[in-house]
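This report describes one protein model for a reader who has not seen it before. It begins with a pair of strands and then moves to the rest of the fold.

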Amino acid sequence: MKYSLVACIGAAALLTGLPSQAQDKIEWSGFGNIAAGMTTGSDDQLFGYDNDLDFNPETLFALQAKASLSDKLTVTSQLISRGSDDFDLGVEWAYIQYQLTDSASVNIGKLRLPFYMYSDSLDVGYSYHWLRTPQSVYRVAFDNYTGVSVQHNAFVGDFIFNTQIIAGNMNDDIEAGGTEEAKAEMNNLIGFNTSAIYNNLTMRIAYYQTNDTNIQVEDVAIELNGQEQKIGDFFNSLTSAGESQIVSELDVSEDKGTFASVGFMYDNFNWFVGGEYTELEVENSYIPKQRSSYITAGKRFDSWAVHTTVGKTDDEVVDAERFNVSSPVLQAGIDQAVNSFLSEATYTSLGANFNIAPSAVLKFDVTHSDYERTDESDVLVSAAVQFVF
């Protein structure tokens with residue numbers, strides 16, 4: 001996810017261009033993640049790492065500024081420089097917030113898409129116990145949208161309810177077919193999430209949908225029938241063979257997409273246990289129904305902690321018979337294309353954290369992945385210093 005320098009300057013100008021009285025009220029904060037890792041096998045690859053020690057996949061630095069324009073109106077901008085993007089600056093957040101009441105507010109601008117329990121702090125590794133959020137669940141290829149969100153907090157008995165309703169659009173380049181990028185957009189995106197907090201227990205549900213999902217994969221190359229081929233050329237082959245209806249079933253064009261999730265976390269500051277389950281579906285497309293889950297638990301000891309997490313992906317091709325064609329060669333290509341986007345994997349990780357400063361933590365993680373479809377596995381060893389300021 002890269003942005004031009006002009007865009008970054010524009011976001012910074014939201015704050016630095018404010019009147020001097022407002023600039024005096026700017027609150028600056030930041031966070032960072034210096035991470036390194038390598039896989040243990042010469043052919044292993046996991047989460048952007050391979051068998052060579054690498055600092056780039058998960059290292060990042062971020063600076064956030066928040067300016068108060070009045071008692072009720074604020075402007076927030078967050079810039080991030082990621083190693084995975086050659087440390088190009090990116091505008092992660094840029095929005096204004098208006099406090100409607102003591103318990104309700106509205107945000108407008110570029111915002112974090114609140115799919116998960118840890119969406120708001122997705123890049124702030126210091127805020128959660130993992131070195132990285134469980135990739136079995138946190139795998140949707142985009143994190144932000146442009147639009148509006150309304151948040152409301154309420155006390156009901158011994159419960160605290162936090163509800164967020166969003167509406168907007170997403171337009172970005174996403175990873176498709178392994179490492180290649182494709183242009184994607186979601187229009188008319190709406191949804192909500194609600195968290196209920198009772199003592200040390202947090203429970204959360206979320207649901208989002210769009211009636212206009214589009215992903216341009218025609219220029220993405222994948223291996224079909226032993227040869228690398230652009231998906232667009234394969235679509236042309238299907239159309240020439242009189243199978244244009246299959247192209248319509250495969251491509252992502254003005255399709256309905258839905259995302260649903262449930263999660264919980266119990267944390268008594270001594271030990272903790274939690275989990276999330278998500279389902280993503282894009283109707284009438286090559287994208288399989290993505291079913292993802294994890295469960296995690298850990299124990300804290302003074303300035304350090306240990307934890308373990310087991311995550312699983314269990315994707316499913318919905319109505320596979322809609323992809324049937326008469327040509328065995330084309331059928332083999334369709335099956336290969338559809339199956340290349342299936343994920344059936346189990347991730348098991350062990351981690352240890354050491355608080356090395358009031359606002360910095362040193363983390364170690366070993367993650368083992370098993371891929372059921374290929375009967376292959378990878379092991380990743382990684383460490384990170386994560387901090388806030």
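## Strands 17 and 18

Strand 17 (residues 360-371) and strand 18 are antiparallel partners, joined over twelve bridges. Strands, like helices, are DSSP runs numbered from the N terminus (E, at least two residues, for strands; H or I, at least four, for helices). Two strands count as paired if DSSP finds at least two bridges between them. Within this pair, Asp 370 stands opposite Ser 377 in strand 18. The two strands form a hairpin with four residues between them, and Asp 375 in the turn has a positive phi of about 55°.

This is a predicted model, in which local features need pLDDT of at least 70 and side-chain atom pairs count only at pLDDT 80 or more, while totals for chains, interfaces and linings use all residues. Residues are numbered from 1 along each chain as its sequence is written, and side-chain values use heavy atoms, with hydrogens and water left out.

Strand 2 runs antiparallel to strand 3 (residues 73-82), with nine bridges between them. A hairpin of four residues connects strand 2 to strand 3.

## Charged residues

Asp 43, Asp 370, Asp 375 and Glu 376 form a negative surface patch. Patch residues have over 30% relative accessible area and no salt bridge, with like charges joined within 9 Å and nonpolar side chains (Val, Leu, Ile, Met, Phe, Trp, Tyr) within 5 Å. Accessible areas come from the Shrake-Rupley method with a 1.4 Å probe, and for residues only the protein chains shown count as cover. Lys and Arg count as positive and Asp and Glu as negative; His and the chain ends are not counted. Each charge is placed at NZ of Lys, CZ of Arg, CG of Asp or CD of Glu.

The structure holds 15 salt bridges, each a side-chain nitrogen of Lys or Arg within 4 Å of a carboxyl oxygen of Asp or Glu. One of them links Arg 132 and Asp 365 (3.4 Å, N to O). Arg 132 lies in the loop between strand 5 (104-112) and strand 6 (144-156) and Asp 365 in strand 17, so this pair ties together parts 233 residues apart in sequence.

## Overall form

The protein has five helices and 18 strands. Its radius of gyration is 22 Å, close to the 21 Å that the globule rule gives for 389 residues, so the protein is as compact as a globular protein of that length. The radius is taken over C-alpha atoms, and the rule is 2.2 Å times the number of residues to the power 0.38. Along the principal axes, the C-alpha atoms fill a box of roughly 70 × 45 × 45 Å.
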